[in-house]
Amino acid sequence: MPIITDDVTIREILAHVRRIAVVGLSPDPSRPSHAVAKGMMDAGYEIIPVNPNADQILGLKTFSDLKYVTDTINMVTVFRDPKHVPAIVELCIEKGVRNLWLQEGVVHQEAAREAAARGIHVVMDRCMYKEFNRLLG
């Protein structure tokens, strides 16, 4: 499975996922991760914050690590340094996550190829909220 770049597939993913784990979600409203997560929440998506340095973000219980999320996750979106992506991909594989979204500036070709080879839909170096607004907003 290739890394996804076409609008039809991106629209389909955004139309069908409901529960999104946001790895690297910042409690700071001025940070892009916060604005994206809030925008997606306001659009009806369920957000699962993942950040080891906060107990709550956007009024939601925050998990210190993706490995501790026990609920079903439809998509993982990543706001972390690309060096963390391989470990996140491994957790996605273990948890059976079908969709991985690497936000703008988060590029790790090898890990993205590994995820795609394992049947995970991968969108890389794009802003989920911008794409949502462009395709479904």
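**Close-up views of helix, sheet and core packing**

**View 1. Contact of helix 3 with helix 4.** In helix 3, Val85, Pro86, Val89 and Ile93 meet Ala111, Glu114 and Ala115 of helix 4; contact means heavy atoms within 4.5 Å. By class, these residues divide into six nonpolar, no polar and one charged (Ala, Val, Leu, Ile, Met, Phe, Trp, Tyr, Cys and Pro count as nonpolar, Asp, Glu, Lys and Arg as charged, and the others, Gly among them, as polar). Helix 3 (residues 85-95) and helix 4 (residues 109-117) pack at about 10 degrees, with axes 9 Å apart. The two helices are therefore roughly parallel to each other (angles under 35 degrees count as roughly parallel, over 145 as roughly antiparallel, 65 to 115 as roughly perpendicular and the rest as oblique). Axes are lines fitted to C-alpha atoms, for helices over the stretch in contact, and angles run from 0 to 180 degrees between N-to-C directions. Helices (H or I, at least four residues) and strands (E, at least two) are DSSP runs, numbered from the N terminus. The model is predicted: local features need pLDDT of at least 70 and side-chain atom pairs pLDDT 80 or more, while totals for chains, interfaces and linings use all residues. Residues are numbered from 1 along each chain as its sequence is written, and side-chain values use heavy atoms, with hydrogens and water left out.

View 2. Five strands, in the order 2-1-5-6-7, form an open sheet with parallel pairing; two strands pair if DSSP finds at least two bridges between them. Strand 2 (46-50) and strand 7 (121-124) are the edge strands, each pairing on one side only. From one strand to the next, the twist averages 20 degrees. Helix 4 packs on the sheet and touches strand 6 (99-102) and strand 7, its direction making about 155 degrees with that of strand 7.

**View 3. The largest nonpolar core.** Among the 26 residues of this core, Leu66, Ile73, Val76, Val78, Ile88 and Leu100 touch the most other members. A nonpolar core is a set of buried Ala, Val, Leu, Ile, Met, Phe, Trp, Tyr and Cys residues joined through side-chain atoms within 4.5 Å; buried means under 20% relative accessible area, exposed over 50%, partly exposed in between (1.4 Å probe, protein chains only). Helix 3 gives the most to this core, with five residues.

**View 4. Contact of helix 1 with helix 5.** The axes of helix 1 (residues 7-16) and helix 5 (residues 128-135) come within 10 Å and cross at roughly 100 degrees. Helix 1 and helix 5 are therefore roughly perpendicular to each other.
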